[in-house]
Amino acid sequence: MEAVRKQHKMKKLICLRIHLFAMMRENMGGVTVNTNRKDFIIDRIPMQFSEGPFWGNGVIGTVMYVKDNELIFSVDHVNIWELREELPDQPKADFQTILNHQQEFLHGDRNYVEDTDIFHRGHGRTKLPGLGVSLPLRSTVKSFSSSLNLKEAYADIELTLADGSEVPLIVYVDSNVNILFIDVKGGHASDAKMRALGWDYESPRLSVLKNWNYPPCKEKHDTDTFAMLQEYSEDGIAVLAARQEKVGDTLRVAVSMNAGKVQDEESMLTQGLILAKNYMEDSKKYFYAHKADWKNYYAGFDVHVPNERLQEAFDTEMYKLYCNERSTSVPVTLQGVWNSNERMPAWYGDLHNDLNVEACYWAAFRTGNANLARPYVEYYTAAARRLEERAYKLFGVEDAIHIPIMMAPNGYGAASEWCFWNSILGPELFVATDFCWFYEYTQDRDTLKTKILPFLKKVANLYIGIAEEDSDGFLHIPFTCSPEFFAEGTMLMQRDATFTISVLHYLMDKIKKYGELFGEDTGKWTEFGERLTPVTTDDTGFPLFPGIDLPESHRHFCHMFPIFPLCTESHNVISNRSLDHVINLGFGEYAAFSFPYMSVMASRCGRGNMAETMLDLYC
């Protein structure tokens with residue numbers, strides 16, 4: 001019996017460590033693929049955005065929902081941004097001044113920190129809503145069923161209307177070209193006609209766009225085509241162009257989407273309509289290539305879990321991963337490719353540089369899809385000049401990089417450039433950790449030499465420039481945080497957060513290792529690592545800060561970074577004490593992501609039962 005128990009425990013642990021056991025299985029040049037991937041089912045009426053089936057190809061994304069007597073398809077494009085800000089490009093206070101007025105800064109004193117709520121006073125940088133298309137229905141929807149084929153990324157959808165009629169559809173976003181394809185069959189198709197949707201400036205959720213004096217949308221349509229042209233920012237325009245045709249009892253619609261400069265309006269419209277026309281004429285060939293691309297993606301990994309709910313969760317997340325991440329697209333924003341056509345994106349829809357951006361790529365790295373993270377490296381290194389400007393203006397350190405938590409394209413802060421969230425330390429450490437992971441999983445030495453290593457050095461230079469020597473002889477980092485822990489209504493900020501110090505030691509080791517690959521003198525990084533205060537531990541394991549233990553349930557576990565994602569600690573007393581302390585505080589403040597994150601922590605420490613419990617709660 002003891003042998004059986006041990007075997008069962010080991011099987012459970014191995015099966016739950018999904019992030020470690022995703023692997024390619026080569027077999028005579030081919031790959032074994034999980035052919036039992038279940039469809040993603042929605043069997044209730046999606047009455048608002050985010051409740052319906054969803055599709056994406058890394059550039060455009062669509063979510064379907066029901067509104068009144070219409071089917072709405074939001075169509076988002078990753079390049080639709082407002083990139084202006086009408087505030088001076090200078091922080092209210094530099095870092096040294098903030099250190100001398102910490103309480104004023106923490107409480108939002110406008111003499112020391114900028115306000116994020118500038119949108120009703122002027123322009124602020126933010127992702128903008130998507131556009132949409134609408135399919136009018138004869139009567140209200142009484143039942144809704146969607147079966148999303150995760151293997152081939154298309155959905156079979158069936159509606160039952162109040163008049164008793166049924167409306168069957170097939171919907172997908174093409175994996176290779178920017179087309180949303182909709183196929184409506186049956187009697188409803190005979191009188192159905194789709195139309196494009198622009199931004200409703202009278203909606204309270206979009207009133208800020210009216211304040212910015214965006215011009216009204218321009219709708220164009222004729223017998224077989226329709227289009228919506230929506231100008232934004234100073235010279236940006238989103239162009240939705242579509243073709244629809246009726247063949248017997250079928251309505252077929254191909255919707256293209258692009259975003260660019262106003263001066264390219266006509267060419268984008270023409271190209272969009274041509275693409276839609278070509279797609280309609282050769283839809284079978286395009287759909288075959290679409291399915292082949294998804295098949296090729298799934299052929300890169302093969303994970304089987306003897307737990308039905310967990311397998312379904314894993315498969316759904318891997319579907320979402322490829323909807324959002326492509327090797328030639330852009331990094332994943334806070335809402336991914338799914339921003340509503342009817343409201344401003346939550347939290348500005350930004351590139352959110354903490355766990356929100358970092359965790360997007362863990363699954364890509366762990367499943368052999370590291371190349372999907374390439375735009376992350378390319379995008380941020382391309383923005384390095386602006387990130388260096390930020391480091392100099394805010395911290396007075398040259399040849400250094402500081403990254404805002406809320407980032408718009410090109411390294412500028414989303415919302416307001418110098419608001420509280422964009423003026424604190426830490427975001428660059430999340431990004432730098434992911435950059436190390438990218439090299440470790442790709443072994444791409446050229447990218448390491450030309451992009452990653454120079455970036456890591458500039459992140460390190462920021463902390464070398466602000467480090468303070470104390471009487472203990474060690475260097476300390478002032479005014480750090482353990483994201484996102486609050487105390488008495490403000491972010492808890494102290495020196496030497498475990499998160500900060502552990503990542504800096506990790507980076508010094510990596511920079512030294514990478515520099516030696518290219519024959520560089522690594523003495524600077526070795527010296528800083530030796531002089532930097534060590535990571536503090538105590539009876540609870542890893543504290544938030546030296547002398548400050550985690551006092552209550554919390555959704556982030558950044559003080560346990562050494563366990564994961566740094567992976568420098570695992571099967572030891574300190575790691576297990578940390579897990580025990582966190583669990584003993586309960587789950588009251590957990591977010592959904594906290595449970596699988598904790599499961600990863602537990603699995604790294606060999607605690608299979610705890611890992612299973614966390615995943616069970618998550619499912």
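Analyst: Let's begin with the second largest cavity, which is lined by Gly-58, Val-78, Lys-127, Asn-324, Val-330, Pro-331, Val-332, Thr-333, Gly-336 and Val-337. On a 1 Å grid over the protein atoms alone, a cavity is a set of points where a 1.4 Å probe fits but cannot get out, and lining residues have an atom within 4 Å of a point. This is a predicted model, where local features need pLDDT of at least 70 and side-chain atom pairs count only at pLDDT 80 or more, while totals for chains, interfaces and linings use all residues. Residues are numbered from 1 along each chain as its sequence is written, and side-chain values use heavy atoms, with hydrogens and water left out.

User: What volume does the second largest cavity have?
Analyst: About 60 Å³, where a volume is the space filled by probe spheres set on the grid points, which are joined across faces, edges and corners.

User: And how many cavities of 30 Å³ or more are there?
Analyst: The count comes to four. The largest cavity has a volume of about 80 Å³. Its lining is made of 14 residues, and Asp-354, Ile-405, Ile-424, Cys-481 and Pro-483 lie nearest its centre.

User: Which element gives the most to that lining?
Analyst: Strand E23 does, with three residues. Helices (H or I, at least four residues) and strands (E, at least two) are DSSP runs, numbered from the N terminus.

User: OK, new topic: how much space lies in the second largest pocket?
Analyst: About 300 Å³. A pocket is an open set of points with protein on both sides within 12 Å along at least five of seven lines. The second largest pocket has 15 lining residues, and Asn-79, Trp-81, Leu-83, Tyr-232 and Lys-261 are the closest to its centre. Strand E18 (residues 250-261) gives the most to this lining, with three residues.

User: Last one: is Tyr-376 buried or exposed?
Analyst: Tyr-376 counts as buried because its relative accessibility is 1%. Buried means under 20% relative accessible area, exposed over 50%, and partly exposed in between, with a 1.4 Å probe and protein chains only. Tyr-376 lies in helix H10 (residues 374-382).

User: What is Tyr-376 in contact with, leaving aside its neighbours within four places in sequence?
Analyst: Its contacts (heavy atoms within 4.5 Å) are Pro-331, Val-357, Tyr-361, Phe-430, Val-431, Asp-434 and Phe-435.
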